[in-house]
Amino acid sequence: MTDPVISLLRDLVAIDSVNPSLVSGAAGEAQIADAIAAHMRAIGLDVQKAEAAPGRPNVIGVLEGSEAGRSIMFCGHTDTVGVTGMDAPFDPVVRDGRLYGRGSQDMKAGVAAMIDAVRVARERGFRKGRIVIAAVADEEYASIGADALVREWKADAAIVTEPTDLKIGIGHKGFAWATIETRGRAAHGSRPQDGRDAIMRMGRVLARLEQLDCELQARPAHPLLGTGSLHASIISGGHELSSYPDRCRLQLERRTIPGEGVGTFAGEMEAVLAALFEEDPELEASMKLMFSRPPYEVPATHELPRALQTAAQSSGTETSAVGMSFWTDAAILGGAGIPSVLFGPGGAGLHSLEEYVTLSDVITCRDTLAKLALDWL
């Protein structure tokens with residue numbers, strides 16, 4: 001007989017929930033939200049749906065104990081990245097102890113585990129405190145789901161069930177995006193006295209950015225997260241081979257660690273341009289911040305990581321605290337005053353053409369979360 005958490009996982013992977021902010025016209029989270037709401041009602045949770053944006057619902061399930069106690073939130077996102085190039089991305093295939101399909105690892109396995117953990121906790125005598133299950137929209141783009149969640153819901157602690165290979169993620173990097181534009185003067189390619197090459201001028205900017213990235217990665221590293229970094233992501237400019245380009249546009253990303261933020265990044269970019277302006281007063285360039293999310297680290301003294309480690313050990317898993325390189329909704333929960341860590345099943349291929357999750361990890365994750373809910377509350 002198939003474990004209920006694996007059956008739920010298969011059902012979730014079979015639903016197209018590609019984020020429409022990433023892929024124009026994509027399905028979004030409405031259908032998977034309906035399926036999750038129906039399943040949570042079937043296992044006895046009080047369920048609410050709330051739109052973070054039109055057609056982009058969060059689903060919240062609550063199990064109240066018969067006795068007062070603390071509250072804990074299990075949180076995961078329901079959207080996925082796109083499926084271009086994949087064969088049958090929504091046909092969940094089980095092979096060699098793995099389940100394949102888009103979203104299997106990132107992160108429908110974690111969502112299935114956190115939902116089924118409530119069923120298991122209830123069967124094992126849950127009676128004290130409150131468990132909140134939050135299945136949120138849009139983590140893969142702008143996290144409007146998590147932003148909406150924390151405006152309405154609170155908890156004493158949270159587990160975000162992103163894939164961590166059953167390690168306990170106690171912190172992760174942040175990021176900031178910016179656009180730099182250099183301006184030149186359009187002219188026929190045969191008339192250098194009339195033209196100013198915006199792309200050549202962007203080359204000077206790129207050289208300074210590479211130097212800055214080297215400096216960032218040479219700084220003392222955070223013990224779990226390493227150093228900050230910077231990379232050029234997208235560049236465009238010019239119209240035709242026979243003309244001087246009048247504009248060049250660069251989009252770049254800065255990955256940040258605790259102690260750094262969007263203000264740090266803005267200051268660095270302003271310093272880069274100021275140095276270039278001093279070298280060439282005729283240089284025309286500007287910078288605009290696009291979007292940012294902060295790094296996150298749970299307070300070192302918080303009891304949640306230790307409690308989760310104890311619960312994992314009771315499920316037969318030895319685990320440890322680690323830092324994660326990628327950004328997650330834990331930063332939003334933590335920023336709203338909900339101490340949060342990451343814990344989820346392992347696998348491989350997130351955002352790639354072949355994605356899978358390890359089924360035994362999904363079951364272990366579910367059992368660990370259930371044990372935590374019973375003990376910590």
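1. Which residues lie nearest the centre of the largest pocket? In this predicted model, they are Glu-139, Glu-140, Arg-255, Trp-327 and His-351, out of a lining of 21 residues.

2. Staying with that pocket: the space in it comes to about 470 Å³. Its lining splits into 11 nonpolar, 3 polar and 7 charged residues. Strands E9 (174-183), E13 (247-256) and E14 (284-293) each put at least two residues into the lining.

3. The second largest pocket has a volume of about 180 Å³. Its lining counts 6 nonpolar, 1 polar and 5 charged residues. Among those lining it are Asp-87, Asp-91, Arg-95, Glu-354 and Glu-355, along with Met-86, Pro-89, Tyr-100 and Leu-353. Gly-101 is also on the list.

4. On to the helices. H3 (residues 104-123) is mostly covered, with 18 of its 20 residues buried. After H3 comes Gly-125, which has a positive phi, near 100°. Worth a look while you have the backbone up.

5. For the chain overall, expect 9 helices and 19 strands. The C-alpha atoms fill a box of roughly 80 × 45 × 40 Å along the principal axes. If you take contacts between residues at least 6 apart in sequence, 78% of them join residues at least 24 apart.

6. Last, burial and surface. Of the 377 residues in the chain, 52% are buried. The chain exposes about 16300 Å², and carbon and sulfur atoms supply 50% of that area.

Definitions and conventions:
Residues are numbered from 1 along each chain as its sequence is written. This is a predicted model: local features need pLDDT of at least 70, side-chain atom pairs count only at pLDDT 80 or more; totals for chains, interfaces and linings use all residues. Side-chain values use heavy atoms; hydrogens and water are left out. Buried means under 20% relative accessible area, exposed over 50%, partly exposed in between (1.4 Å probe, protein chains only). Helices (H or I, at least four residues) and strands (E, at least two) are DSSP runs, numbered from the N terminus. On a 1 Å grid over the protein atoms alone, a cavity is a set of points where a 1.4 Å probe fits but cannot get out, and a pocket is an open set with protein on both sides within 12 Å along at least five of seven lines; lining residues have an atom within 4 Å of a point. Grid points are joined across faces, edges and corners, and a volume is the space filled by probe spheres set on the points. Ala, Val, Leu, Ile, Met, Phe, Trp, Tyr, Cys and Pro count as nonpolar, Asp, Glu, Lys and Arg as charged, and the others, Gly among them, as polar. Contact means heavy atoms within 4.5 Å. Accessible areas come from the Shrake-Rupley method with a 1.4 Å probe; for residues, only the protein chains shown count as cover.
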